[in-house]
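Let's take a walk through this model together, from the overall picture down to individual side chains. Have the viewer open and follow along.

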Amino acid sequence: MADFEFNEHHQSEIINYMRFARSKRLLRLKTIDSCFEELKDSRLVEDTFTVDEVREMLDGLQMVVRGEVEMELINTAHTNVLLLRQIFSQAEKFYLRLQSDISELENRELLEQVAEFEKTDFKITNKINQETSKPKLAPLNEGGVSELLNKEIAKLQEENDKLKSRLRTLESQAMSALDEKTKAERALKDLQRTQGEQKEINSLEDTVAALKEDYERSLSANAASQKDLKENLITAKHDLLRVQEQLALAEKELEKKFQQTAAYRNMKEILTKKNEQIKEIRKRLQKYEPDD
């Protein structure tokens, strides 16, 4: 009977159903027996009967027995439908789709095994705990269903771990992007401040050029005003040196902040060119300064 074995829980449920079916069957058989007994007590009171009387009694008995058997078969079919409904509803809770093989219902070998199971296994039912308080099936917790659920849980856990890892990666990328944005904002502010200082240098260069022009014009026109022009020139040189010193400090500060950016290299080139221009201006001014 290797093809008709069950675990303890399933065997208990099957025995319960077979007990129920057997009780219904015995009840219907008693009803049929009572039909025959009633016929014997009510009709078989004479010693001889005609053919027509026997035929009439048999036809009446046939109708009664036929009705009882038909009623039992219909009730059995409806009971099986309710049982299948319970099983399918329970399977749907675990996202399972059950299928039945109708051809197996007429398998004589399996039917004989069921009959043998009913004869032998009913003797050991006292060892199995029967659930009588609730007349419904217990949840499926064993066999393939449990394995399927465990696989589904493991799959969901794996997907959850992947999502968590992805979330950590996105958070790290977001923090890096935020840091880069902060650095870029600081670099932009420093660049704007440097551009302001560059504008000041350009303004001073224009002032020096204007003073130089005035100095050259005044030198040929009035020697007495040379001293004032010289003082203005010296003052402008001092201002230029002061701004140049501030620019040098700004260069150091920018060099620390922009040492890894392309903006730093570009600014350094600009400042180098400006320093060269300043040196050139100084050389030009020296030509117009009187000898000590």
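**A walk through the helices**

Of the 292 residues in the protein, 19% count as buried, where buried means under 20% relative accessible area, exposed means over 50%, and partly exposed is in between (1.4 Å probe, protein chains only). This is a predicted model, so local features need pLDDT of at least 70 and side-chain atom pairs count only at pLDDT 80 or more, while totals for chains, interfaces and linings use all residues. Residues are numbered from 1 along each chain as its sequence is written, and side-chain values use heavy atoms, with hydrogens and water left out.

Start with the fold. The secondary structure comes to 6 helices and 0 strands, and from the N terminus on the elements run α-α-α-α-α-α. Helices (H or I, at least four residues) and strands (E, at least two) are DSSP runs here, numbered from the N terminus. Among contacts with a separation of 6 or more, 81% are between residues 24 or more positions apart; a contact means heavy atoms within 4.5 Å. The accessible surface is about 22900 Å², and 53% of that belongs to carbon and sulfur atoms. Those areas come from the Shrake-Rupley method with a 1.4 Å probe, and for residues only the protein chains shown count as cover.

How far can you trust the coordinates? The protein averages a pLDDT of 78, and 80% of the residues score at least 70; pLDDT is the predictor's confidence in each residue, from 0 to 100. Where pLDDT is low, the predicted coordinates should not be read in detail.

Now zoom in on α2. Its 43 residues should span 63 Å at 1.5 Å a residue, and its end C-alpha atoms are 63 Å apart, which agrees; the expected span is 1.5 Å times one less than the number of residues. Buried residues in α2 are M57, L61, V65, E68, E72, T79, Q90 and A91. Two of these names come back in a charged setting: E68 and E72 are linked with R28 in a network of salt bridges. Just after α2, Y95 takes a positive phi of about 60°.

There is a nonpolar side to this region too. L84, I87, F88 and L98 make a nonpolar surface patch of about 310 Å². Patches are made of residues with over 30% relative accessible area and no salt bridge, with like charges joined within 9 Å and nonpolar side chains (Val, Leu, Ile, Met, Phe, Trp, Tyr) within 5 Å. F88 is found in helix α2, and at 32% relative accessibility F88 counts as partly exposed.

Back to charges. Side chains of opposite charge can pair when their charged atoms come close. The rule used here is a side-chain nitrogen of Lys or Arg within 4 Å of a carboxyl oxygen of Asp or Glu, and by that rule there are 8 salt bridges. One of them joins E37 and K40, at 3.9 Å from N to O. E37 and K40 are 3 residues apart in helix α1 (residues 8-43), so about one helical turn separates them. Both ends are partly exposed, E37 with a relative accessible area of 41% and K40 with 45%.

Helix α4 (residues 143-221) holds D190 and R193, also 3 residues apart, about one turn of the helix. Their side chains meet in a salt bridge at 2.7 Å, N to O. Here D190 counts as buried at 5% relative accessibility, whereas R193 is partly exposed at 40%.

In helix α6 (residues 262-288), E280 and R284 are 4 residues apart, about one helical turn, and form a salt bridge with the closest N and O atoms 3.7 Å apart. E280 is partly exposed at 37%, and R284 is partly exposed at 42%. R284 also sits 9.3 Å from K212, C-alpha to C-alpha, although 72 residues separate them in sequence.

Finish at I201 in helix α4, which counts as buried at 2% relative accessibility. What is I201 in contact with, leaving aside its neighbours within four places in sequence? The partners are V243, L247 and I278. I201 and Q244 are 43 residues apart in sequence, yet 8.2 Å apart in space, C-alpha to C-alpha.
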